[in-house]
Amino acid sequence: MKFQGSENYVATQDLMLAVNASITLKRPLLVKGEPGTGKTMLAEEVAQTLGMPLLQWHIKSTTKAQQGLYEYDAVSRLRDSQMADVDGGERVKNIHNYIVKGVLWQAFTSEQPVALLIDEIDKADIEFPNDLLRELDRMEFYCYETRELIKARNRPLVFITSNNEKELPDAFLRRCFFHYIKFPDADTMKKIVDVHFPTLKSELLTAAMKTFYDVRNLPGLKKKPSTSELLDWLKLLVAEDIPLEALQSADNKVSVPPLVGALLKNEQDVTLFEKLVFMNQRNR
């Protein structure tokens, strides 16, 4: 079982090696990188390429590790107990009816191997990764309400993504295979764009790429535009039929690109870029 990229996802050689190393070691693959570099999409494409169902657990600031295992719905059981005359109380007697299975329970008990995505783990509190150490390491957990040990029938292929908002505990990192997705260079970016816009004219792509990297490399930006924002911008350029001349200046100076709001997402960055353009125009 090897991942060798897909038609819809341009994977670098080191990324493919990381995925396959995780499969060989049977350890979660921890993927870091700035937002918009395709961390979540990686899990989706690997699962599709390898023919595995994908379970996704999108982490929020309020998410607790227990929710990934199971939750006991005591409120529903209490309500049903007050209406026990409906079915003779049979439903209330069976506690399994009030156990809400989380994604880890579903992954562990699946009859076929699955891929499991734990997305943006750094959004949760600092104890969240530690609370999952035993489950991800031993591939089992205990349900106290039903008094049963849930063991993985098949070890899932686990992907964990992080945007580096918080440092993860050393004990957690030790159990993962780590890969950092670097921001694509120009050649790799052209391959990514070609997947989404195979008929895009080369002259427009060259001009758009130059403008994109000019904006991205501007010192002092609070938020640099990402791959997904480049794709959004190109989609708008095509939809609005923006002429090539609008992306080029006669003397190759920096200019404000059309639809710049697709690339820059806060007023400080827009102001900074406009100041740079103004300074360039004064120096002509």
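**View A. Helix α10 gives the most to the lining of the largest pocket, with 4 residues.** In this predicted model, local features need pLDDT of at least 70 and side-chain atom pairs count only at pLDDT 80 or more, while totals for chains, interfaces and linings use all residues. Residues are numbered from 1 along each chain as its sequence is written, and side-chain values use heavy atoms, leaving out hydrogens and water. Helices (H or I, at least four residues) and strands (E, at least two) are DSSP runs, numbered from the N terminus.

**View B. The largest pocket has a volume of about 630 Å³.** Of its 32 lining residues, Tyr 9, Gly 36, Thr 37, Gly 38 and Ile 181 are the closest to the centre. Two or more lining residues come from each of α1 (13-25), α2 (39-49), β9 (177-180), α10 (186-196) and α12 (227-239). For the method-minded: on a 1 Å grid over the protein atoms alone, a pocket is an open set of points where a 1.4 Å probe fits, with protein on both sides within 12 Å along at least five of seven lines, and lining residues have an atom within 4 Å of a point. The volume is the space filled by probe spheres set on the points, which are joined across faces, edges and corners. By class, the lining holds 13 nonpolar, 13 polar and 6 charged residues; Ala, Val, Leu, Ile, Met, Phe, Trp, Tyr, Cys and Pro count as nonpolar, Asp, Glu, Lys and Arg as charged, and the others, Gly among them, as polar.

**View C. Helices α10 and α11 (residues 202-216) cross at roughly 125°, their axes coming within 12 Å.** Axes are lines fitted to C-alpha atoms, for helices over the stretch in contact, and angles run from 0 to 180 degrees between N-to-C directions. Ala 186, Met 189, Lys 190 and Val 193 of α10 meet Leu 205, Met 209, Phe 212 and Tyr 213 of α11, where contact means heavy atoms within 4.5 Å. This set has 7 nonpolar, no polar and 1 charged residues.

**View D. Helices α11 and α12 pack at about 140°, with axes 11 Å apart.** Look for Ala 208, Met 209, Thr 211 and Phe 212 of α11 against Leu 230, Trp 233, Leu 234 and Leu 237 of α12.

**View E. Helices α10 and α12 pack at about 50°, with axes 11 Å apart.** Here Met 189, Ile 192, Val 193 and His 196 of α10 touch Thr 227, Leu 230, Leu 231 and Leu 234 of α12.
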